[in-house]
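Try each task before you read its solution.

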Amino acid sequence: MRIPVERHVLQEYLRTRFENDELKIVARAKKTDSVELNNGPDFLGVISADDPKGRSFTLQMAILDF
């Protein structure tokens with residue numbers, strides 16, 4: 001399933017929601033069913049659509065213990 005909304009729409013929503021202009025939605029290499037969420041150059045997680053109409057999304061983000 002492709003991400004049903006345009007990347008810039010999702011990116012602007014997340015930037016507004018988290019008050020962070022550094023958030024960026026990036027296409028994944030060889031994948032069309034999800035996109036990457038980056039904070040500037042840093043990878044944060046993967047976003048995929050829960051339904052084909054784009055009413056809900058899932059953000060998968062690992063939290064590592066350093």
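Predicted model: local features only at pLDDT ≥ 70, side-chain atom pairs only at ≥ 80, totals over all residues.

**Exercise 1. Check the span of helix α1 against its number of residues.**

Solution. 
- Step 1: Helix α1 covers residues 7-18, which is 12 residues.
- Step 2: At 1.5 Å a residue, α1 should span 16 Å. The expected span uses one less than the number of residues.
- Step 3: The end C-alpha atoms of α1 are 16 Å apart, which agrees.

**Exercise 2. Sort residues of α1 into buried and exposed, and say what covers the buried ones.**

Solution. 
- Step 1: Buried means under 20% relative accessible area. In α1 the buried residues are Leu 10, Gln 11, Leu 14 and Arg 15.
- Step 2: These residues cover an arc of only 135° around the axis, so they lie on the same side of α1.
- Step 3: Tyr 13, Thr 16 and Arg 17 are exposed on the other side of α1.
- Step 4: The cover over the buried residues includes β1 (23-27), β2 (34-39), β3 (42-49) and β4 (57-60).

**Exercise 3. Locate the salt bridge and describe its partners.**

Solution. 
- Step 1: The structure holds one salt bridge.
- Step 2: It joins Arg 15 to Glu 12. Their closest N and O atoms are 3.6 Å apart. The cut-off is 4 Å, so the pair qualifies.
- Step 3: Both partners lie in helix α1. They are three residues apart, about one turn of the helix.
- Step 4: Arg 15 is buried. Glu 12 has a relative accessible area of 41%, so it is partly exposed.

**Exercise 4. Describe the positive phi of Glu 19 and of Lys 30, and place each residue.**

Solution. 
- Step 1: Glu 19 is not a glycine, yet its phi is positive, about 50°. Glu 19 follows α1 and lies in the loop between α1 and β1.
- Step 2: Lys 30 is not a glycine either, and its phi is positive, about 65°. Its place is the loop between β1 and β2.
- Step 3: Exposed means over 50%. Glu 19 has 73% relative accessibility, so it is exposed. Lys 30 has 86%, so it is exposed.

Definitions and conventions: Residues numbered from 1 in each chain as written. Heavy atoms only, no water. Helix = DSSP H or I, 4+ residues; strand = E, 2+ residues; numbered from the N terminus. Buried < 20%, exposed > 50% of the residue type's maximum accessible area, 1.4 Å probe, protein only. Arc of directions from axis to C-beta. Contact = heavy atoms within 4.5 Å. Salt bridge = Lys/Arg side-chain N within 4 Å of Asp/Glu carboxyl O.
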